[in-house]
Amino acid sequence: MADSKKWVVMATAQTPTNIAVIKYWGKRDETLILPVNDSISVTLDPSHLCTTTTVAVSPGFEQDRMWLNGKEISLSGGRFQSCLREIRSRACDVEDKEKGIKIEKKDWEKLHVHIASYNNFPTAAGLASSAAGLACLVFSLAKLMNLKENPSQLSAIARQGSGSACRSLFGGFVKWIMGKDENGSDSLAVQLVEEEHWNELVIIIAVVSARQKETSSTSGMRESVETSLLLQHRAKEIVPKRMVKMEEAIKNRDFSSFAQLTCADSNQFHAVCLDTSPPIFYMNDTSHRIISYVEKWNRSEGSPQVAYTFDAGPNAVLIARNRQVAAQLLQRLLFFFPPNSDTDLNSYVLGDKSILHDAGIGDLKDVEALQCPPEITNVPAQKYTGEINNFICTKPGRGPVLLSDESKALLNPESGLPK
Ligand code: DP6
């Protein structure tokens with residue numbers, strides 16, 4: 001190892017977030033984070049939702065440190081420590097001939113790292129950021145320390161940071177195989193199909209405004225495992241069969257089956273939450289309204305056009321079968337949930353704004369002019385202004401990438417401190 005205290009070696013990566021269409025809910029091992037059932041997710045386009053992480057190593061660093069969205073956070077938690085330990089133990093020789101730096105395998109145990117992470121979506125949106133965050137931490141450290149492990153093997157490390165993080169190591173549709181081994185070595189993620197396989201899909205996330213204090217996924221699922229008989233039945237009898245059907249539906253781009261399974265699985269996960277003692281309520285009235293509208297529309301069309309799924313919170317993730325349907329969906333959403341009069345449309349619909357254009361909506365006047373959808377027949381249509389904070393239009397996306405452009409780094413290349 002070069003003895004100068006001056007050098008800093010860095011790596012920067014970008015990692016997507018993911019949303020489960022067959023949910024992970026319940027652990028059989030809390031420390032290793034081993035689930036009670038398999039799960040499947042779709043990776044979301046990192047241009048709209050992702051984490052960027054820069055990791056740096058230097059003999060001048062006195063301890064491991066981490067900054068999240070510019071604020072220093074503690075790395076002392078067991079989950080961070082598990083990930084760091086697992087990665088360090090697999091680190092290999094690294095040589096930068098240009099800078100005259102050589103780090104040998106044995107040096108990594110003594111060297112400290114600095115980690116800076118940034119989410120390109122507001123944390124206040126209440127969108128799961130831990131999946132992208134932990135996956136990005138593992139992926140960028142693996143690059144920095146020259147690990148030879150493949151993405152599935154890295155997913156087994158990310159899993160120990162947060163279960164759902166293991167599915168963010170790939171793009172497209174991803175399966176987390178629960179595994180059988182007690183040590184967790186076979187509990188890892190594999191890619192089912194790449195993002196191009198089903199590139200017609202459009203995803204619209206409705207970020208719901210009223211946010212009560214929520215039970216974290218970690219404690220919620222612990223309580224469900226301890227008290228819900230429905231969870232046991234789901235893990236043993238329902239999910240194994242559903243996994244087979246879901247994999248088929250994805251492979252064949254069979255939207256009807258895909259939507260039916262996605263909605264059913266989201267509803268069953270929330271039923272398990274209700275079956276927990278004391279019951280856990282993640283969805284609210286707005287979430288329920290969205291489900292009713294989508295169900296009504298799907299029924300009136302004769303076959304599903306949109307799938308919905310909800311994680312441990314009230315936000316709806318809506319998957320439309322194609323762009324045309326997505327435009328119609330956005331019209332409906334804006335009709336029922338118009339923005340407050342002081343909100344500008346540009347900050348109300350985020351992400352891929354071309355869907356707004358497809359929907360023929362250029363400004364708030366166009367929103368006001370929207371007609372009640374034809375499937376709403378027997379009741380006067382009510383509007384729920386202000387119930388939605390914003391919408392994010394996105395699509396299935398790619399897996400983690402290394403960013404070679406140094407200007408994207410979050411740490412200063414000389415000091416190794418946040419820029
Ligand atoms: C409802 O991965 O956040 O989003 O493993 O305890 O960190 P921990 O939990 P987490 O749980 C995610 C639960 C879910 C469903 C899913 O993503 O499959």
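Guide: Start with Pro278, in the loop between α6 (255-274) and α7 (285-301). Helices here are DSSP runs of H or I with at least four residues, strands are runs of E with at least two, and both are numbered from the N terminus. Residues are numbered from 1 along each chain as its sequence is written. This is a predicted model: local features need pLDDT of at least 70, side-chain atom pairs count only at pLDDT 80 or more, and totals for chains, interfaces and linings use all residues.

Visitor: What kind of peptide bond joins Ser277 and Pro278?

Guide: Most peptide bonds are trans, and most residues other than glycine have a negative phi. The bond between Ser277 and Pro278 is cis, with omega about -5°.

Visitor: And which loop holds Asn69, and what is its phi?

Guide: Asn69 is not a glycine, yet its phi is positive, about 50°. Asn69 sits in the loop between β7 (65-68) and β8 (71-73). Arg253 also has a positive phi of about 50° and is not a glycine. Look for Arg253 in the loop between α5 and α6.

Visitor: Are such residues buried or partly exposed?

Guide: Count C-beta atoms, placed from the backbone: 20 or more others within 10 Å means buried, 12 or fewer means exposed, and anything in between is partly exposed. Asn69 has 14 C-beta neighbours inside 10 Å, so Asn69 counts as partly exposed. Arg253 has 15 other C-beta atoms within 10 Å and is partly exposed too.

Visitor: Give me a case at each end of that scale.

Guide: Take Met243 in helix α5 (residues 229-251). Met243 is buried because 20 C-beta neighbours lie inside 10 Å. Now take Ser354, in helix α10 (residues 354-358). Ser354 has 11 other C-beta atoms within 10 Å, so Ser354 is exposed.

Visitor: Which residues does Met243 contact, beyond its neighbours in sequence?

Guide: A contact means two C-beta atoms, placed from the backbone, within 7 Å. Leaving aside neighbours within four places in sequence, Met243 is in contact with Ile22, Asp38 and Ile40. Ser354 and Asp96 are 44 Å apart, C-alpha to C-alpha, and 258 residues apart in sequence.

Visitor: How many helices and strands does the protein chain have?

Guide: The protein chain has 11 helices and 19 strands. Its radius of gyration is 22 Å, close to the 22 Å that the globule rule gives for 419 residues, so the chain is as compact as a globular protein of that length. That radius is taken over C-alpha atoms, and the rule is 2.2 Å times the number of residues to the power 0.38. The C-alpha trace spans about 80 × 50 × 40 Å along its principal axes. Of the 419 residues, 49% count as buried. Among contacts between residues at least 6 apart in sequence, 76% join residues at least 24 apart.

Visitor: What domains does the assignment give?

Guide: Domain bounds come from an automatic or database domain assignment. Here the assignment gives domain 1 (9-195 + 403-408) and domain 2 (202-394). Their C-alpha centres lie 28 Å apart. The contact between them takes 22 residues from domain 1 and 29 residues from domain 2. On the side of domain 1 that touches domain 2, the elements giving two or more residues are β2 (18-22) and β13 (188-193). Of that side, β2 gives the largest share, three residues. By class, that side has 14 nonpolar, four polar and four charged residues. Ala, Val, Leu, Ile, Met, Phe, Trp, Tyr, Cys and Pro count as nonpolar, Asp, Glu, Lys and Arg as charged, and the others, Gly among them, as polar.

Visitor: Last one: which residues touch the most other members of the largest nonpolar core?

Guide: A nonpolar core is a set of buried Ala, Val, Leu, Ile, Met, Phe, Trp, Tyr and Cys residues joined through C-beta atoms within 7 Å. The largest has 119 residues, and Val138, Ile204, Ala206, Val306 and Leu318 touch the most other members. Helix α2 (residues 130-144) gives this core its largest share, 11 residues. The core draws at least three residues from each of domain 1 and domain 2. Follow Leu318: leaving aside neighbours within four places in sequence, Leu318 is in contact with Ile203, Ile204, Ala206, Val294, Val306, Tyr308 and Leu329.
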